[in-house]
Amino acid sequence: MNSLITRAKELLENKSVQVVIGYEAGPTSVARPAFITDPAKAGTLIYDERCVQNLAVYLTKPEVKHLGKMAIVATLPVMRSIMMLISEQQIFADSIVVLGISADGSLLDIADVKVMQGYIEKSDLGNPEKYKELLAELNKLSPEERFAFWQKELSKCIKCYACRQACPMCYCTRCTVEVNQPQWIPVQSNTHGNMEWHILRAMHLAGRCISCGECGRACPVGIPCHLLTMHLVDQVHNYFNVYAGTSEKMSSVLSTFEPNDKESFII
Amino acid sequence: MSDFEPKVVAFVCNWCTYAGADLTGTSRIKYASNVRIIRFPCTGRIDFMLLLKAFANGADGIIVSGCHPNDCHYTSGNFHAKRRWIMFKELMDFMGIDMNRITFSWVSAAEGAKWADVVNTTVTRIRELGPYVSYKELVNKSVEEEVKNE
Amino acid sequence: MSDNIYKPYLMEIENIVEETPDVRTFRLKFKNSDDAEKFSFKAGQFGEYSVFGEGESTFCVASSPTRKGYIECTFRKAGRVTNALANLEMGDTVGFRGPYGNTFPIEQWEGKNLLYIAGGIALPPMRCVIWNTIDLRDKYKDITIIYGARSVSDLVYKQELKEWEERPDIRLITTVDPGGQTPEWKGETGFVPMVLEKLAPSSENTVAILCGPPVMIKFTMPVLKKLGFQDKDIYTTLENRMKCGFGKCGRCNVGKVFVCKDGPVFSYEQILLLPEEF
Amino acid sequence: MARIGVFICHCGENISATVDCGKVAETIGKLKHVAYSTEYKYMCSDPGQTLIKEAIKEHKLTGVVVAACSPRMHEPTFRKACAEGGLNPFLCEMANLREHCSWVHEKNDLTTEKAIDIVRIQVEKVKLNSALQPIRVPVTKTAMVIGGGIAGIQSALDIANTGHKVIMIERSPSIGGHMSQLSETFPTLDCSQCILTPRMVEVAQHPNITLYTYAEVESVEGFIGNFKVKIRKKAKSLDEKTCTGCGLCTTKCPQKKIPNEFEQGMGMRPAIYIPFPQAVPNRPVIDREHCTYYIKGKCKICEIVCPTKAIRFDQPDEILELEIGAIVVATGFDIKHADFFPEYGYGKYKDIIDGLQFERLASASGPTTGAILRPSDGQVPKNIVFIACAGSRDPAKGIAYCSKICCMYTAKHAMLYKHKVHEGKAYVFYMDIRSGGKNYDEFVRRAIEEDHVNYIRGRVSTVFERDGKLIVKGVDTLLGAQPVEIVADMVVLATAGVANSGAEDLAQKLHVSYDAHKFFAEAHPKLKPIETNTAGIFLAGACQNPKDIPDSVSQASGAAVKVAGLFSQNELTREPLVAVVNRTAPPMYSTCVGCFMCQSVCPYQAIEREDFKNREGKIVKTVAKINEGLCQGCGTCVALCRSKSIDLYGYSNNQVYAEVVALLNEY
Amino acid sequence: METTRKSIRKQSLEKLYNLLSASRKVYAPVIAPDKQVEYKYNPDFAEVTFEHIRSTLSVKNVVFPKVENLFFYSNAKTESTITDIDLNKIPEIVLWGTHPCDNAAFDILRSIFSWDINDEFFSKRFEKLVVIGLSCHLSDEYCFCTSVGLTPNSAKGSDILLSRLQNGDYQAEILTEKGNGIVTLSPELFEPISGEEVTVTEVKQKFNHEQVTVKLASAFENRFWIENSLRCIGCGACAYVCPTCACFDIQDETKGKNGKRYRSWDSCGFGLFTLHTSGHNPRQVQSQRWRQRIMHKFSYMPERNESLGCVGCGRCSSGCPVDMNIAEQLEALQNI
């Protein structure tokens, strides 16, 4: 990934950015997010199949923003997250430099948001193949079986909120679960409360999820909670023919409407 | 289960369905007494979480009703609500939560008879489905979970 | 009583005083007379007050341990529990756990002058020790109270302020922020640090007890230092967020200290040793 | 301290016949915080209301629930009674025991149980009510009327006559609008200008009206009673105060070949021009696009000839900032020009014209001084064909609606033609004759019966030229779709009325919604046809949809009444049931994270941005803020807000949640 | 009590398990279909794993459940009544096959819950707990028990400690009276030791915890915390999987007139943990919370509770979605 290192170094050296958010190798076999502020340390940047975290989550983190202008190593989901964050006014397009990474792992030349938009539009925006099968399997089950499946999975939830924290779109400074007047979501972890939390999370991401799958990956107890938001990604596309994170000016599905939106269940 | 009286909660907007239900009253059209109405200014105000809370607190069925498309007192609240319910319904289906227990309808201020019909069909359907045992079990099981070490 | 350390006493609201539109003082009586007999506390300690169904909230006991048979607490409507408390009526039941925490070392203060400085809603945590020392009046030399609030209507304990004012053995100076006075206002107008500077009490054989919003503390401390007060002679009470009240839940942990166990009363000498996480 | 009083109404026997009111009162009386619970035969009666007022005092009530009929019926009554009893009126809620219970269920235990539930949820709700004060906003008593056509004129005059100031904005050099172009008007055939021009003059002379012609709206901010409007006064290149309107410049201008807009291109005008003789103000403007000086840098003949030296070539556009309390939008309409209809040969054949062009032909002040002469050779057409519904009611052309005025003006055109060309033959192709309105159908009948206009029911498929004549091919559906071919000298298309150019742009500046055809949208199709969904902005005339003169005038007067009603108060009082974005102590300022998705769901543009700055003046956070002057309290933003940072007074999260819980649990 | 060493055959282990399982609650590790190691009550012996490195969650829930009801209440019009929890109903639980790190954690939890005021909820559960530990013959890159004063076969916290022998049988160290009580259920299963060697994995020491504690005393203001917590996303995973983290929240939950007060796991890593109602937050940013986590375990607790707040199980690091590796950070802290 020499071109990435060269580019990062260059950006830091000519002070175009103060920090490059990328990946580095850790002491174990997994890769981790890295924050390079010193051009001399740009060499530690890596990009390979171990680099999985959605780095866009850091674009809204106060301590990271505090470092100054940011460059970010961005795969397709990260680029789409950036689009969403711009459209939801959390970051400014001109405040970040995107070091785009193509599907085959090479460095893209993303000069500006327009170019990024072009790249995104050319890409496959549906849920990743590896999840499609799982979604299809679940959809094949009877409602009762699905209910049982989710009960079993969600009984494991410990409410650590890693799913929320890992999601770049969950940038609220106060989450609904932290509201206690009224107490929308029980503080304790129990299957029913956990289910309410995951429904809330999925609904809040409806039309905003960009299918990175980080929520599920981050879950320490292995709940496939990304399938909930990804199911809604499919549904948003079915009903409204859109995918999130494709333009900096996009309105979310749930904050807009078309008078002729079709449904078949309202009598 | 003949002595089962379903608990049905209705979330309705003030300007159409609430007024429509008023008209049902002034027209003296009788309907099942199992329904309890909660008034909102607009369907756009109805938080999907409230529907979950209704089930969590023991409702067997839910009605959500507002102005017909294009009739919204606030011009677009019901359109936003419609999208919200589309997403909500799909998510509920995906999680296996029984959407037959929720009736979504548009009842205008002039549709007093329709309101009675919506309530009656919903209550009849919930009667056939019986109490929402699986959801109640989910809630109760959650209570047991906490004490399973005891 | 069971061994359940989380189980509160049941208390009946005996009296409610509406101090300001947002602030109430409750007088609470033990429902169970055995509890009342066994119960004792000291100035500076706090408790967990609860509305069953809403949760618990932490405030200092505001009444003096010298007044037996009841406890008082003063709170401002701010969150879920205090809002619910404010909705209660005389005769309603609340829960109380406590007393917790350490106390003002009033025995050590005997024979000294006492300078109380409080701002806004921080008078209640000090009221207990003020009354305690007033009730033991002959053990202390001069007692001076400086109390400031944003406006006249934000002053709490108006009845007692009057009482203190009328007592010849207490010096009370009340002040409101500029703009907060009313035409009838006879007290000072100005911020607490300035009033203190103007008054310039001697630090000789004097203990200062300081409690108020961070900005008041920030500007009052230099004045006290200028007047010659030593860190060890300045006391305050900290109000970290707490849940359990007995050093287990981890919430009020600041450095090696649990505010609920090692505090809430600290001298400035002790506070300077703490990391700034309060 | 919550002390709730509950009053159960029997409503004579309307409630008590099916609901055991005594049991309801007793059960509710046992609830926590219920300080008083009673029943009475008629709560809405004087003694009933007195009961409430006395109980408020006696029991120091902090909230009241009246369980009676629908709140849609008596909520104001009981809120007023509470206010009179010394309780904030917003601490009163109603439980609907009549319409939603006693009238719709049989008498049995279940019905009483339901009644108890209904009351209980209101008890739980009212505990969480806030004492609200009506929202008061000051009202700037100056109205702005956008558009100087008949609707604008009428509205401006009506408002001005109530004693309030009016600013009128017109983008063309003169007011008058389309009505000033018309020859005669249906159904009376009185001269359009004769009835209009006195009103135009009245506008110009009215002490309460300030007229800005050649001016456009630049931006609109603020809200009802408090708009801040910027208008751009385009440079007329003329000092209006010095100019006497003598018109010498217009006669000396060397550039004379500019199609005259007023004449619908059927005449020419110079570069410095007064649009028409009766124009108000009667002052010329220089059309910089066509003026030789502005194009080539020299000429200035007008400046040389002007006796008062009023020409100002370097005059810039001027931006005026105005404080406005209410806005009437009266920007009118336009018609689809005949080039929209290639199948009818427009452009190819000079003698195919549209309705407005025909108006100018028929007008005594028009290019032919009222003679019906065909454009190609100035001959009197002997056979003339009018095609109604040219474009209207034609989904294939993208216009599904009926333009409403064409049936009438086509009848009028045919009539005018017949009055002027007695021997001529007039044909009208039509789909349906829509002549609802006072004396309208009689008018059409007169055209057919007295003036012998040939009405042919059917559509024209094509028009083409043959031997110097226009061949109009269509079908007569009344004769079993028989093909008809008319050899005509002239064809007049009653083209569809469409939104005026710039309507969309203006709507966006005003934050008013508009429909798919760019017509301005009313707040409610039936009950608020004059209001827009932005409070304080009203509609008049054809900017809403094509309208005839009486409809436009009526609506204009209606809008004026709305404005006058608003201006009758020094302050605007509104029900305070509005949304609010929370505020917390710094450094958070609010739990709002500033995604502004609420902005896109708000139908009223009531959501604004608020910046918080640190001591150095740097913006540290931007969060949403509700403009309570604009918010109507629908709550869509509340349900959408992910961080629950928005709440709605009267239907707060805490309240609706408590209602759900209260409904389903044991107390 | 003096430790005795016995040998137990693999088949006997099954017998012992079945004997226990038939009469009481046995909490034993199994490998779930998604390959996560989780503890279940009374699984079939065939399901029980002896080959796991660490379970996803620790087993602290047997003494500190993620939710513990404190009491029930009922509100009438003005009166409220409290119904106590009957702590005597807490059943005996046999913890089966837990590793030495997890077993050592109970003593740390006890130091939190029993200092000063005794927390009966914890104590009663702890009293009813019997631990049949299992030495580690497997370990991975996340393990660092040797850095916090433990070993893969420390007996601390176990009533009986099993260690695998080279022949596949197990050595059983009977360490306490509780352990002895288990033996007496079926003494014949416990045979004299055979002299076989135990197989114990090797865990490399990564840092010296005493030195770390010394360093931390003056490291509060160090830039280390900000620089090394940039990638921390502030979830509570580390605290919730941790066998010694004991922070908790107290909440009420009511339906109608009845409700309960409970305590539930909480984490100092959450922004809301220390937030005052006034809006003031003593620990505003994640770096402060990360510092608190490490300081609490390696500086405050050694002084306050005379025990380290960490057993080196490595769960927080292996479970972290962004690879916050605690051992790596402590190693770095030792050298600042």
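Select Tyr17(E), which sits in helix α1 (residues 10–23) of chain E; helices (H or I, at least four residues) and strands (E, at least two) are DSSP runs numbered from the N terminus. The model is predicted: local features need pLDDT of at least 70 and side-chain atom pairs count only at pLDDT 80 or more, while totals for chains, interfaces and linings use all residues. Residues are numbered from 1 along each chain as its sequence is written, and chains are lettered from A and ligands numbered from 1 in the order in which they are written.

**Around Tyr17(E)**

Is Tyr17(E) buried or exposed? Tyr17(E) counts as buried because it has 21 C-beta neighbours inside 10 Å. A residue is buried if 20 or more other C-beta atoms lie within 10 Å of its own, exposed if 12 or fewer, and partly exposed in between, with C-beta atoms placed from the backbone. Show Val26(E), Phe45(E), Val48(E) and Trp96(E): Tyr17(E) touches these, leaving aside residues up to four places away in sequence. Contact requires that the C-beta atoms of two residues, placed from the backbone, lie within 7 Å. Ala28(E) is 11 residues from Tyr17(E) along the chain, and their C-alpha atoms are separated by 9.7 Å.

**Helix α2 of chain E**

Next select residues 100–113 of chain E, helix α2. Its 14 residues reach 21 Å from first C-alpha to last, close to the 20 Å expected at 1.5 Å a residue; the expected span is 1.5 Å times one less than the number of residues. The helix is largely enclosed by the rest of the structure, because 11 of its 14 residues are buried. Among them are Phe106(E), Ile108(E), Leu109(E), Ile112(E) and Phe113(E). For the cover over the buried residues of α2(E), display elements including β6 (93–98), α3 (120–127) and β7 (129–134) of chain E.

**The two domains of chain E**

Colour chain E by domain: domain 1 is 1–64 + 75–204 and domain 2 is 206–336, with bounds from an automatic or database domain assignment. Their C-alpha centres lie 25 Å apart. In the interface, 28 residues of domain 1 of chain E are in contact with 23 residues of domain 2 of chain E. Helix α2(E) gives the most to the domain 1 side, with 10 residues.

**Chain D against chain B**

Of the nine pairs of chains in contact, chains B and D share the most contacts. Here 36 residues of chain D are in contact with 35 residues of chain B. On the chain D side, select α4 (98–102), α5 (109–126), α17 (636–640) and α18 (653–664), each of which supplies at least two residues. Helix α18(D) gives the most, with seven residues. For contrast, show chain B with chain C: no contact joins them, and their closest C-alpha atoms lie 15 Å apart.

**The sheet in chain D**

Finish with the open sheet of five strands in chain D, ordered β20-β27-β21-β22-β23 with parallel pairing; two strands pair if DSSP finds at least two bridges between them. The edge strands, β20 (352–354) and β23 (454–457) of chain D, each pair on one side only. The twist averages 20° from one strand to the next, with axes fitted as lines to C-alpha atoms (for helices over the stretch in contact) and angles running from 0 to 180 degrees between N-to-C directions. Helix α12 (residues 406–420) of chain D packs on the sheet, touching β21 (383–390), β22 (425–430) and β27 of chain D, and its direction makes about 175° with that of β21(D). Strand β27 (residues 490–495) of chain D runs parallel to β20(D), joined by three bridges.
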